[in-house]
Each structure stands twice: as structure tokens, then as C-alpha cells.
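Here is a short note for a colleague who is opening this entry for the first time. Please keep the structure in view while reading the points.

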Amino acid sequence: MATKKLMKGTAARMGVMKRVSLVFKAKANKALDKMEDPRETLDYSYQRQLELLTKVRRGVADVATSRKRVELQMNQLQQQANKLEDQARKALGMGREDLARAALERKASAQSQLNDLQAQYAQLQAEEEKLTVASQRLQAKVDAFRTRKETIKATYTAAEAQTRINEAFTGISEEMGDVGMAIQRAEDKTAQMQARAGAIDELMASGALDDAVGGRRDDIQSELDMMAASSDVERELSRLKGELTAGAPKQLEGGANGNSQAGQAPQGQAQGGPYAPPPQAQTQSAAIPASDRPAEPQDGEG
Amino acid sequence: MIVRILGEGQFQVDDTDTTELNRLDTELETAVEHDDEAAFSAALRGLLDQVRLQGSPLAPDSLAPSDLILPRQDSSMDDVRKLLADDGLIPG
């Protein structure tokens, strides 16, 4: 049945649970059989436990390093995405929908890279947590094993010790097998991530990623800059034009205003009539709206 | 009895009633038999949940070997096959 597919030649009714534990036990027994003196087993196993502990701790540190690197790259990509959105906003403000679209397309690409990195980050974080817990558990078992080992050595003859040694050894080697697989898995993951992170770093350094993700930083930016510069020029131009034309039209306006004011004037100067003589015009100017004043008084005074 | 979930630790599981555990284990086997990855991963999750529900974590300094060992939750069928292969995944 299913089990036949999993492992040929074993009882069909045996579940997955049983089967996996048998594999572990077989491993432990094989290792035990190699030892001539059972006490040797204890020291040898303890040595390997300490090695594994060191390895697991290093593994935790490696995963953390890898996680931090991914974090750094995520920040860089986020900045890139923010910048592109900013560019898109500016481009829209300048009426360049095409440019805004280009910037947003690149932002989408940066965003998808970012999402990918976020998933990796979460994986590494989970791996780090698991390994940390595993290393604490292994530490507890190694400490217990050391105590047990000393007791067995001190209290029992080789023959008596056998059973106790077997049990302790099987228990700890099961843990070591489990932790060993976890660390192997973490190492594989870390290696994969480091390779990818290295590739992204290289791309970023070479500027090639800018092409793929951010766009050669400057083609959108330089167009925006150019447009900003040229719109500055346009603004200056129209300001200057305004200044140039201001002289003539404003005088005309002033005249027109003068007339209308003259029309309004009756309130204060009923006796003056529509075409009041200069002195009266000067008194009128006090009532003229502020915006019109600059031209008028000068006229009046001059 | 003691059950280990790989990558997670050991649990002391009350084995007065293992009906549910056996049912889930059979489900797991059936999934493998039909080469059904989705069913496999659902059955595995169900089995592990049942162990967590029915058991309590064993003290970390216990050196007792497990009666049963289960693959880690995110295992694929292929992972389990490798685990069961003669010189499979288990180091040492």
C-alpha cells in the first residue's frame, strides 16, 4: 500500500509514524554496534554533541546574518519604490502621463522584488526561531547526557551499563539526528539566500538592477529635471513678459479704474461730478482699492 | 508514549486512545498511496495537530527515545521518502 511506496519490504500496515522512528532507531543501533566498549560510546557521543551544539549556534548566527542582509536589500528596494512613486507624482503634475506610467511600471517591478524578499525574510525569521529553540533544547539534553554519562561510568560495570547507555544514546542520537537535519536545512536555505542576495548586491553595484527595477535612475529623473528646468524657464519668461506688458496695460487699466472710480466717487464728492479736476482726483485716490494705487498716485503726483 | 515531531520536539502523548492518531496516520498513508500531495500535506497537518492536542511537550532535558517520530509540518512526500531511504536525510 502506501507504505510499500514509501519503503519496500516492510509491513504494509505500518504507518508513517512508525516507519520514521524505525529509521532513527536503526541509525542509533548502527552507531552503537561500532563501539567495542559501551563506555567509549558515551564519550564519543558527548564529543559529537558538543560539536553539533557549536554547529547549531553558528547556524543561528548565519541565518541571522542572512536575514539582516535581506532586510537591508528590502530597505533599498523600498526607497527605490518610494522614489519612483514620487517621480510618477511629479510627472503627472507636469502633465506627463507617459512618464508617470513608466515610473509606476518600474515601481511595480521593484515592488514585486520586494514582495519576494519579504517572503524570504519571513522564511529566514522562522528558520532562525526554530534553530534557536532547537539549540536550547539540545543544550538541555547535552547537559543531561553529561550528568547521566558520569553516573553510568561511576556506578555501573560495563555489562550493567549497557542498557542504560543504549537508552541515553538512542535518546540523544534521535535529538541529534533531528537537530542535524534542521541545521542542514537551515544551511541550505541560508546558502540559497546568500547566493540570491549576492546576485542582487552585484546587480545593484553594477547599476544593472536599476535598469531592471528602478530604471537607469536618470532617464526618468533627468527628464523630470529637464522639464522642471524648462518649466522654470517658462515661468521666468512669462514673468518677464508680464513685467514688460505690465507697464502699458496697467496704465490703461488705471485709466479705466479712474473712470469707474469717478463714477463711484459721488458718495464722497457729489459736487465734483464725473470728471473731477486733478486735486479732487488726488483725494479720490485714497478711496481707490489698494491694488490700483501704485499707478494712480504717481500719476496724480507727477 | 513519546512522539517526536521533527524540527519541533517531543511530546508525551496519552496513549489510552490512539484511534484518532491511527486514523490520521492511515489518511497520511492513503495520500501517499494516491500520490496526492495536497491530501498528504493536509493529513500531515491534521496528524501533527492531533499530537499537539493530545500531548504535552516533554521536558527538554529528557533523554528518552521516542516511540513514534513524525515528519516536520512543511514536509513534502518527497522529503518523507528521502527520510525513509536507507542513507537518507538523517545525519550521523
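**Notes on a predicted model**

1. Start with chain A. This chain has 10 helices and zero strands. Read from the N terminus, its elements run α-α-α-α-α-α-α-α-α-α. Please keep in mind that the model is predicted.

2. Next, burial and surface in chain A. The chain has 302 residues, and 36% of them are buried. Its accessible surface comes to about 17400 Å². Carbon and sulfur atoms account for 53% of that area.

3. Contacts along chain A deserve a line. Take the contacts between residues at least 6 apart in sequence: 78% of these join residues at least 24 apart.

4. Now look at one helix pair within chain A. Helix H3 covers residues 38-93, and helix H4 covers residues 97-155. How do H3(A) and H4(A) pack? Their axes lie 7 Å apart, at an angle of about 165 degrees. An angle over 145 degrees counts as roughly antiparallel, so H3(A) and H4(A) are roughly antiparallel to each other. The crossing of H3(A) and H4(A) is left-handed. Sorted by class, the residues in the contact of H3(A) with H4(A) are 31 nonpolar, 16 polar and 14 charged.

5. Turn to chain B. Here there are three helices and four strands. Along the sequence the pattern is β-β-α-α-β-β-α. Chain B has 92 residues, of which 45% count as buried. It exposes about 4200 Å², and carbon and sulfur atoms supply 50% of this.

6. What share of its contacts between residues at least 6 apart in sequence join residues at least 24 apart? The figure for chain B is 66%.

7. One helix pair links the two chains. Helix H2 of chain A (residues 16-33) meets helix H3 of chain B (residues 77-84), with axes that come within 9 Å. They cross at roughly 40 degrees.

8. By class, the contact of H2(A) with H3(B) has six nonpolar residues, no polar ones and one charged.

9. B:Ala64 is worth a stop. It sits in the loop between strand S3 (55-57) and strand S4 (68-70) of chain B. Is B:Ala64 buried or partly exposed? Buried means under 20% relative accessible area. B:Ala64 has 23% relative accessibility, so it counts as partly exposed.

10. What does B:Ala64 touch, leaving aside its neighbours within four places in sequence? B:Ala64 is in contact with A:Gly171, B:Ile2 and B:Gln10. One of these partners, A:Gly171, belongs to chain A. B:Ile2 is 62 residues away from B:Ala64 along the chain. Their C-alpha atoms are separated by 8.1 Å.

11. Last, a backbone detail. B:Asp35 is found in the loop between helix H1 (19-33) and helix H2 (37-54) of chain B. Its phi is positive, at about 55 degrees, although B:Asp35 is not a glycine.

Technical notes: Residues are numbered from 1 along each chain as its sequence is written. Chains are lettered from A and ligands numbered from 1 in the order in which they are written. This is a predicted model: local features need pLDDT of at least 70, side-chain atom pairs count only at pLDDT 80 or more; totals for chains, interfaces and linings use all residues. Side-chain values use heavy atoms; hydrogens and water are left out. Buried means under 20% relative accessible area, exposed over 50%, partly exposed in between (1.4 Å probe, protein chains only). Contact means heavy atoms within 4.5 Å. Accessible areas come from the Shrake-Rupley method with a 1.4 Å probe; for residues, only the protein chains shown count as cover. Axes are lines fitted to C-alpha atoms, for helices over the stretch in contact, and angles run from 0 to 180 degrees between N-to-C directions. Angles under 35 degrees count as roughly parallel, over 145 as roughly antiparallel, 65 to 115 as roughly perpendicular and the rest as oblique. A crossing is left-handed if the near helix is turned anticlockwise from the far one by less than a right angle, and right-handed if clockwise. Ala, Val, Leu, Ile, Met, Phe, Trp, Tyr, Cys and Pro count as nonpolar, Asp, Glu, Lys and Arg as charged, and the others, Gly among them, as polar.
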